[in-house]
Amino acid sequence: MTSEGTLLRLLGTGGTTVDCDACFTVLDRYVELELAGAAADELVPGLRDHLAACPACAEEYESLRALVELEESN
Amino acid sequence: MDDTNPPVSAVALDTWVDELRASSGDAVERLHALLLRAARFEVRRRAHSAPELSRQELEELAQEAAADAAVSVLRRLDDFRGESRFTTWAYKFALLEAATKVRRRAWRGREVVLDPEAWDRVEQLAPGPDASAEHAAFVAAVRDGMRGALTPRQRLVLVALTLDGVPIDVLAERLDSNRNALYKTLHDARARLRAHLTAQGHLGGSE
């Protein structure tokens, strides 16, 4: 049976034009803006959509955020 | 594996980056130490996906990732514009290298279906017996789009990444490609499939 989740993974959400290379270029800035409480999604448009569409980039985003948070807490 | 990192003042960071540009041996050693901490951090986060790897093998992956990341950082030093802290900018190289290496090791020896026509046998794309008529028609249109709107390469990449759960770095290795090229193929395949569904009246034009 084809579930809604399967269809969503297959079709994506549409829209984003940010690719993996562009994501990598701005990821550090995006993470620091987020952790500073700034409007990261407005200042780095399209990145959130890419992270939703690319599991590998999303994992690395989560790791970078976690690592920077850890450093800031020390 | 110690992930703590002593705080570095902004002035010291500027000096460090200048010394890296001058290829100072001490500065490069400090960079390697920084990247190794990040690589170990990432390897530990991903270790559950490769339970067969020993602690020594994980440490070797972290060391390889840190070395490769150091090469990348030094090669791309002029790309650093100060839009984030240098440490944050450098970390992402180590995280990318470490994550990629762990994903590939975790999938070493696992089969990846590289037949563009194998999608037709994917159970996830079979209409279920209890599906509503509307849902069954949508699934049929998806299958129709898979068959008619996509190139064989797009079908292969789309199914491997979204239905078979193959990590993009693993697929890139098997196809002798790279993450960005496969992401573009995935993006184009999704766009074509959505356009097909829109043309068939199953998706709104703005979706």
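Me: What makes a residue a contact of Ala172(B), once residues up to four places away in sequence are left out?
Reply: Two residues are in contact if their C-beta atoms, placed from the backbone, lie within 7 Å. By that rule Ala172(B) touches Ser177(B), Asn178(B), Arg179(B) and Leu182(B), with residues up to four places away in sequence not counted.

Me: What kind of model is this?
Reply: This is a predicted model, where local features need pLDDT of at least 70 and side-chain atom pairs count only at pLDDT 80 or more, while totals for chains, interfaces and linings use all residues. Residues are numbered from 1 along each chain as its sequence is written, chains are lettered from A and ligands are numbered from 1, both in the order in which they are written.

Me: Why is Ala172(B) called buried?
Reply: Count the neighbours. A residue is buried if 20 or more other C-beta atoms lie within 10 Å of its own (exposed if 12 or fewer, partly exposed in between; C-beta atoms are placed from the backbone). Ala172(B) has 21 other C-beta atoms within 10 Å, so it is buried.

Me: Where does Ala172(B) sit, and how far is Leu158(B) from it?
Reply: Ala172(B) belongs to helix H7 of chain B. Leu158(B) is 14 residues from Ala172(B) in sequence, and their C-alpha atoms are 13 Å apart.

Me: What makes a stretch a helix, and how many does each chain have?
Reply: Helices are DSSP runs of H or I with at least four residues, strands are runs of E with at least two, and both are numbered from the N terminus. Chain A has five helices and zero strands. Chain B has eight helices and zero strands.

Me: What share of each chain counts as buried?
Reply: In chain A, 42% of the 74 residues are buried. In chain B, buried residues are 36% of 207.

Me: How far apart in sequence are the contacting residues within each chain?
Reply: Take contacts with a separation of 6 or more. In chain A, 67% of these join residues 24 or more positions apart. For chain B the share is 73%.

Me: How do you know which residues of the two chains touch?
Reply: The contact rule gives 39 residues of chain B against 29 residues of chain A. Helices of chain B that each supply at least two residues to this side include H2 (25-46), H4 (86-107) and H7 (168-174).

Me: What makes a residue on that side of chain B nonpolar, polar or charged?
Reply: Ala, Val, Leu, Ile, Met, Phe, Trp, Tyr, Cys and Pro count as nonpolar, Asp, Glu, Lys and Arg as charged, and the others, Gly among them, as polar. Sorted this way, the side of chain B that touches chain A has 19 nonpolar, eight polar and twelve charged residues.
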